[in-house]
Amino acid sequence: MCGIVGLYLKDKSLEPELGSMLASMLCVMTDRGPDSAGFAIYGQGNPDQVKLSLRTALDFDVSRLETELADVSGGGPSVMKRATHTLLTIPASKEAAVRNAIAARYPQITVVGSGTRMEIFKEVGLPADVASRFDLAHMTGTHGIGHTRMATESAVTTDGAHPFSTGRDQCLVHNGSLSNHAGVRRMLKHEGLTFTTDNDSEVAAGYLSWRMQKGASLGEALKESLGDLDGFYTFVVGTESGFGVLRDPIACKPAVMAETERYVAFGSEYRALVNLPGVANAKVWEPEPSTPYFWESAA
Amino acid sequence: MNMIENEVSFDLRKNTLRDLNQALHDLSKTPGAKYWRVRNPDGAHAIAAGIKAPVTVNVEGHVGYYCAGMNQLATVIVHGNAGVGVAENMMSGLVHVKGDASQAAGATAHGGTLIVNGNASARCGISMKGVDILVKGNIGHMSAFMGQAGSLVVLGNAGEALGDSIYEARLFIRGSVASLGADCIEKTMGDKDKAYLAEKLKAAGMAGEVDVAEFKRYGSARQLYNFHVDNAGAY
């Protein structure tokens, strides 16, 4: 099953409410996926810096990280810990060096995403617990996506929790299952992409990142995936400035969208959208199969 | 729950869905109020499912899955969109969705009438067994798949594989058809068919609103019905 949600704000005055709106949407979708939950938030960012979302541990000593990474990050990185995750802000030019240093010195740490604006948090457990553990309700930003997981294709682990991020400021949540993910994964590995899990949804994220690396827009990448990804899927995708939705040609997995002058919202079911402001008067529709929907703001 | 003369009002933010459906089910044993109003449906599943009494239920908003499923005798009006499987397995009565309907609207329904003012998506009328479905907008792919009886009238367009493996349901489409499914063919529209379609439009409150001559009729070529001895080698 799985539940997915997404919210893209058009009205800046709603930005302080992004986290609370997304948290409410996520919690309503618990019946669709009580195994794990996760979300990505696009908040403030400095174009010269990159934020690395790290899965560390509850008792992880971040001050040590600050000191030990100073040599490769060009001075002490800015570190913020939220429960089992740590957000590391470093100069964008040092990302590769810092990632290498983390891989070499801290094998227990997983980098779950990186971006100028994107932050990712995900864990096993009920969506309400995950949202409160990371204090989603108080996060602010322009757009965000979320996922509640009912595990089908791989184990109930934090590795299997969504969103999956395979490119800077890019992430994806997926409801469904891909039947040709092994073949696509081999092709993408050949193209130089790396994967950290055996999850089919990570392959979908990787595919879109690969297309966008080749110059495709988000809309074009979504359109191309229709020909190359086989299976059941509803994708909700975030990029630094955009938000996209795609359903497979059979449209097996449910989806509903709502748009007002203030926001565009996505939910696996309408129930996820009921607490959004003004939703009673929103344009509500079911996205068509094989049709990419996307919204982008001027960067 | 408030009694206002002959109307019962349920607010699903204050009362439980189970209480609403139980009260509606109880009407089959002990007749009560004829008019029911459901406030704040908020996309909940199975609203007004399983009614077996001649009552009218107005649902003021969007509903989730299987609204008015298994309906018998009741009129259920959804003033919003409906999720998957609205009026699934309806036996009689009327279900009217004022907005759009999601997938499998009217699936396996044996009787009654389903009207959708907006669009219905994939698999509308799948395995329909006698229901009359009228969609004012478009329908999605695989609609009337394995349809066995009843009518599907669409004022807009139909998606791919219309009427795949259809038995005897009668399909009338005013707009375009993306493609026909296995064993579904266009049929001639005779006077009897036009009269039948006019009757269905009238029953849905649309008498005189559209010209029956604008519709094309589709149905079964009846080639999948029987075992053909010529194909014996394939088994």
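## Basis of the description

In this predicted model, local features need pLDDT of at least 70 and side-chain atom pairs count only at pLDDT 80 or more, whereas totals for chains, interfaces and linings use all residues. Residues are numbered from 1 along each chain as its sequence is written, chains are lettered from A and ligands numbered from 1 in the order in which they are written, and side-chain values use heavy atoms, with hydrogens and water left out.

## Interface between chain A and chain B

The size of an interface is often given as the accessible area lost when the parts come together. Chain A and chain B bury about 1,000 Å² between them, with 46% of it on carbon and sulfur atoms. Buried area here is the accessible area (1.4 Å probe) that two parts lose on being put together, summed over both. On the side of chain A, the residues that lose the most area to chain B are Y270(A), R271(A) and E286(A), which together account for 40% of what that side buries.

The contact draws on 16 residues from chain A and 13 residues from chain B, where contact means heavy atoms within 4.5 Å. Between the chains, eight residue pairs are in polar contact, both residues being at pLDDT 80 or more. A polar contact is a pair of N or O atoms within 3.5 Å; within protein, one must be able to donate a hydrogen and the other to accept it, and residues adjacent in sequence count only if both atoms are side-chain atoms.

Helices (H or I, at least four residues) and strands (E, at least two) are DSSP runs, numbered from the N terminus. Helix α1 of chain A spans residues 18-28, and its buried residues are L18(A), G19(A), M21(A), L22(A), A23(A), M25(A) and L26(A). Buried means under 20% relative accessible area, exposed over 50%, and partly exposed in between (1.4 Å probe, protein chains only). The cover over the buried residues of α1(A) includes β1 (3-9), β2 (36-42), α4 (127-133), β8 and β14 (263-267) of chain A. An α-helix has 3.6 residues a turn, so residues three or four places apart point the same way.

H162(A) lies in the loop between β8 (143-149) and β9 (164-167) of chain A. H162(A) counts as buried because its relative accessibility is 3%. The side chain of H162(A) makes polar contacts with the side chain of H147(A) (3.4 Å) and with the side chain of S201(A) (3.4 Å). Leaving aside neighbours within four places in sequence, the residues in contact with H162(A) include F39(A), K122(A), R149(A), H174(A) and N199(A).

## Salt bridges

Over all chains, the structure holds 26 salt bridges. One of chain B joins E60(B) to R37(B), with the closest N and O atoms 2.4 Å apart. This pair links distant parts of the chain, E60(B) being in strand β4 (residues 56-60) and R37(B) in strand β3 (residues 35-39), 23 residues apart. E60(B) is partly exposed at 32% relative accessibility, and R37(B) is partly exposed at 22%.

R217(B) forms a salt bridge with D193(B), the closest N and O atoms being 3.3 Å apart. R217(B) belongs to strand β12 and D193(B) to helix α2 of chain B, 24 residues apart. R217(B) is buried, with a relative accessible area of 15%, and D193(B) is buried at 9%. In chain A, salt bridges that share partners join D31(A), R32(A), E269(A) and R271(A) into one network.

H25(B) is located in helix α1 (residues 17-26) of chain B. With a relative accessibility of 29%, H25(B) counts as partly exposed. Beyond neighbours within four places in sequence, H25(B) is in contact with A49(B), G50(B) and I51(B).

M146(B), Y167(B) and Y225(B) make a nonpolar surface patch of about 260 Å². Patches are made of residues with over 30% relative accessible area and no salt bridge, with like charges joined within 9 Å and nonpolar side chains (Val, Leu, Ile, Met, Phe, Trp, Tyr) within 5 Å. Y225(B) sits in the segment after β12 (216-220) of chain B and is partly exposed, with a relative accessible area of 36%.

Terms used:
Areas by Shrake-Rupley, 256 points an atom, 1.4 Å probe, with all protein chains shown as cover. Salt bridge = Lys/Arg side-chain N within 4 Å of Asp/Glu carboxyl O.
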